[in-house]
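Reader: I would like to go through this model and ask what stands behind the terms used for it. Please set each value against its cut-off.

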Amino acid sequence: MSGLAAGIRLAHYDQRVCILERHYTIGGLNSFYRMNGRNYDVGLHAVTNYTPAGAKKGPLARLLRQLRFRWEDLELAPQRGSAIAFPGVRLRFNNEIELLRSEIAKAFPGQKNNFESLLRQLVDYDDLTQENFGGSARQFLSGIITDPLLVEMLLCPLMWYGNAREDDMDFGQFCIMFRSIYLEGFARPFKGVRLILKHLVKRYRALGGELKLRSGVARIQVDGDRAVGVVLDDGQELVAKRVLSSAGIIETLRLCEDTSTPEVARAGQLSFIESISILDQQPSDMGFPETIVFYNDCPQFHWRKPTSELCDTRTGVICSPNNYLYPAELGNLDDGVIRLTTIANHDLWNTLDDAEYRRQKMRWYDRSVASAVRFIPDFRCHTIDTDVFTPKTIRRFTCHDNGAVYGAPEKKLDGTTHLKNLFVCGTDQGFVGIVGAIVSGISMANMHCLREPN
Amino acid sequence: MTPADIRNEVVDILSDIAPDEDLSGLDDGKPFREQIELDSMDFLDIVMELRKRHRVQIPEEDYGQLASMASTVAYLEPKMRDL
Ligand SMILES: Cc1cc2nc3c(=O)[nH]c(=O)nc-3n(C[C@H](O)[C@H](O)[C@H](O)COP(=O)(O)OP(=O)(O)OC[C@H]3O[C@@H](n4cnc5c(N)ncnc54)[C@H](O)[C@@H]3O)c2cc1C
């Protein structure tokens, strides 16, 4: 996603660009596939950072302007409404901060003013720098919100949708995610992620950009302090004036001829299993009208890789792509769909042999769904088809170490590396999610590849 | 290009960058920033579009000259006169 966005910017300004993708299809962490006659998205729960047509501020508006897309092109339908569910407390929120505000006032009357104070102290996207980005989000939040349960509840969706670090979150990442989820919001194109990808690829190609699938980069060739080209898996060599990589910071450094010691310890640890349940009816017809529910079954939110078991089902995200406000003429998706994300351990999944892997997929599907139906109506008797993918799948299709969905904990906001003309974009530059990845590709292309004449 | 042509060209670029903006009432003497929602990335795009469309090079230290329509046209006039 970030690579395509960067490619569009560069091709638009007449640079010769070649995007190299190892996989046989596009999309990376947010691709799509077809199985048993049905279309599936790998990732898409929600496009975050939703702002309505005509909005001029925020990442979505910036992305549209920079890529010369019209707001209508993305066909974004806003969410119906989501919730954060902890034992005994449920906070609803939607794309207007008013709802969350009133829910907090009801459930945590003593925190009403503190929440207002929190809103005032959030740093804006453009004011985040490498200097103020670090620091503990928990500490910051606890300094303002004095009820620990509300702290946990507010953090839960933000960590789920964009925190590469275990337990705590960088202050900067917290501000980004808070804005993108609570102050902006969720939306989805009726046709899912393929619509967004199709637009990106079509535009990129129309501008003369070259896209090579099944073309993994095996090595980045280095001469002194510069990258001079890449060698593909099949031995083909390409020379390049600049190299922009969305493979991840550690993964990219490992490709460089001059850095042989990969620092796996610095790679991200958080990976997931994602299950997709196809239902025989619309989720709203069985009493589940909400778009996304972030649940946690105890007062303390645990955001860390499980170590003794394959998954940790205490917390999860339940999403129904049916529960968006699609235009009436489109109706709704043919099938009822419930997606469920659960934290998982990449290494443990990776050690299983084939038969055991398949068995454990079924086992953890059952266990994670059993955990989720404590927070939404039990949909199990309506399920007609399922698919599950694991950290192993994520790693295989994206090459990210540990199948880490949000990349490495240490972000590289300015995108620079030890080589003068090699830059990182996407997840490890600091912006995650679909909108984040696209904005990252745009800003890294602008900053490092467009400033000086060709 | 005459100053009027240059102005038209800049309006065209602006409408490309910010298609939702109504540029008909633009006050040439006032900074763009006060009238249309442009961030630093959009400013870079004005420079980039001029380079792409007319091969006009604008060094980074001159970006300040592009604050308003009047100053932009005045700055570009010697560079675009012979186009
Ligand atoms: C299950 C799941 C659910 C998600 N849900 C959402 C959601 O609802 N909303 C949202 O906004 N975001 C979601 N995301 C996150 C979002 O998909 C990512 O943040 C975003 O796609 C990252 O884009 P990227 O460009 O940074 O990286 P990637 O998508 O990882 O792209 C990197 C690409 O580089 C390729 N590559 C790697 N190494 C090489 C190499 N050596 N040679 C050639 N190619 C290589 C990979 O194959 C990949 O295609 C989800 C992710 C997952 C996994």
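Author: Helices are DSSP runs of H or I with at least four residues, numbered from the N terminus. Ile104(A) lies in one of them, helix α3 of chain A. The model is predicted.

Reader: Why is Ile104(A) called buried?

Author: Buried means under 20% relative accessible area. Ile104(A) has 0%, so Ile104(A) is buried.

Reader: What is Ile104(A) in contact with, leaving aside its neighbours within four places in sequence?

Author: Contact means heavy atoms within 4.5 Å. On that basis Ile104(A) is in contact with Leu91(A), Pro109(A), Gln111(A), Phe115(A), Leu150(A) and Leu154(A). Glu410(A), by comparison, is 306 residues from Ile104(A) in sequence and 32 Å from it in space, C-alpha to C-alpha.

Reader: Which residues of α3 in chain A are buried?

Author: In α3, residues 97-107 of chain A, the buried residues are Ile97(A), Leu99(A), Leu100(A), Glu103(A) and Ile104(A).

Reader: What puts them on the same side of α3(A)?

Author: The arc they cover around the axis is only 160°, and therefore they are on the same side of α3(A). The cover over the buried residues of α3(A) includes β6 (89-93), α4 (112-121), α7 (148-160) and α8 (171-184) of chain A.

Reader: Ser180(A) is in helix α8. Is Ser180(A) buried or exposed?

Author: The relative accessibility of Ser180(A) is 2%, which is under 20%, so Ser180(A) counts as buried. Not counting residues up to four places away in sequence, Ser180(A) touches Thr48(A), Asn49(A), Tyr125(A) and Gly185(A).

Reader: Where is Gln282(A), and why is Gln282(A) called buried?

Author: Gln282(A) is in the loop between β13 (271-279) and β14 (292-296) of chain A. With a relative accessible area of 17%, Gln282(A) is under the 20% cut-off and is therefore buried. Residues up to four places away in sequence aside, Gln282(A) touches Asn322(A), Asn332(A), Leu333(A), Asp334(A), Asp335(A) and Gly336(A).

Reader: What makes Pro283(A) buried?

Author: Pro283(A) is found in the loop between β13 and β14 of chain A. Its relative accessible area is 0%, under 20%, so Pro283(A) is buried. Not counting residues up to four places away in sequence, Pro283(A) touches Phe288(A), Ser320(A), Asn322(A), Asn323(A), Gly336(A), Val337(A) and Ile338(A). Gln221(A) is 62 residues from Pro283(A) along the chain, and their C-alpha atoms are separated by 52 Å.

Reader: Why does Ala218(A) count as partly exposed?

Author: Partly exposed lies in between buried, under 20%, and exposed, over 50%. Ala218(A) has 35% relative accessibility and so counts as partly exposed. Ala218(A) lies in strand β9 (residues 217-223) of chain A. Leaving aside neighbours within four places in sequence, Ala218(A) is in contact with Arg22(A), Val231(A), Leu232(A), Asp233(A) and Leu255(A).

Reader: Which value of phi does Glu75(A) have, and what is the phi of Cys399(A)?

Author: Glu75(A) is not a glycine, yet has a positive phi of about 50°. Glu75(A) is in the loop between α2 (59-67) and β4 (76-78) of chain A, and at 34% relative accessibility counts as partly exposed. For Cys399(A), also a residue other than glycine, phi is positive and near 65°. Cys399(A) is in the loop between α13 and β18 (422-424) of chain A. Its relative accessibility is 26%, so Cys399(A) counts as partly exposed.

Reader: How many residues surround the ligand, and which are the closest?

Author: The ligand is surrounded by 33 residues, the closest being Ser2(A), Glu21(A), His45(A), Ala46(A) and His400(A). By class, the shell has 16 nonpolar, 14 polar and three charged residues.

Reader: How much of the accessible area of the ligand does the protein cover?

Author: On its own the ligand has 1000 Å² of accessible area, and the protein covers 95% of that. The elements giving two or more residues to the shell are α13 (391-398) and α14 (433-449) of chain A. With three residues, α14(A) gives the most.

Note on methods
Residues numbered from 1 in each chain as written. Chains lettered and ligands numbered in written order. Predicted model: local features only at pLDDT ≥ 70, side-chain atom pairs only at ≥ 80, totals over all residues. Heavy atoms only, no water. Buried < 20%, exposed > 50% of the residue type's maximum accessible area, 1.4 Å probe, protein only. Arc of directions from axis to C-beta. Near = heavy atom within 4 Å. Areas by Shrake-Rupley, 256 points an atom, 1.4 Å probe, with all protein chains shown as cover. Nonpolar A, V, L, I, M, F, W, Y, C, P; charged D, E, K, R; others polar.
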